[in-house]
Amino acid sequence: SCGQLAAGDVVIAISNSGETAELKATVLAVKNNGCKVIAVTGGANSWLARESRWALLWRHMLPSNWES
């Protein structure tokens, strides 16, 4: 919850689309607490990528049983 965050904390937000209403509300609350946001998203031009301090982008996800 945002009540456990302090200014200067870093929050990682993960969303494929980066566009959901719940995500937007959460990220705005986190930022209003003075936290920095790192995005992990599939949308380079998504709302989440634009609102985050840093964005990590992926093209696709590997299956959970994938081995190197």
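A nonpolar core is a set of buried Ala, Val, Leu, Ile, Met, Phe, Trp, Tyr and Cys residues joined through side-chain atoms within 4.5 Å. In this predicted model, the largest such core has 10 residues in all, namely Val11, Ala13, Leu23, Val27, Val30, Cys35, Val37, Ala39, Trp47 and Leu48. Two or more of these residues are given by each of E1, H1, E2 and helix H2, and H1 supplies the largest share, with three residues. In soluble globular proteins, nonpolar side chains tend to be buried together.

| Element | Residues |
|---|---|
| Strand E1 | 10-15 |
| Helix H1 | 21-32 |
| Strand E2 | 36-41 |
| Helix H2 | 47-51 |
| Strand E3 | 54-57 |

The three strands form an open sheet in the order E1-E2-E3, and their pairing is parallel. Strands E1 and E3 are the edge strands, since each pairs on one side only, and from one strand to the next the twist averages 20°. Helix H1 packs on this sheet, where it touches E1 and E2, and the direction of H1 makes about 170° with that of E1.

Between E2 and E3 the parallel pairing runs over four bridges, and within this part of the sheet Ala39 stands opposite Ala55 in E3. Ala39 also belongs to the largest nonpolar core described above.

Technical notes. Residues numbered from 1 in each chain as written. Predicted model: local features only at pLDDT ≥ 70, side-chain atom pairs only at ≥ 80, totals over all residues. Heavy atoms only, no water. Pairing = 2+ DSSP bridges. Axes fitted to C-alpha atoms, helices over the stretch in contact; angles between N-to-C directions. Contact = heavy atoms within 4.5 Å. Buried < 20%, exposed > 50% of the residue type's maximum accessible area, 1.4 Å probe, protein only.
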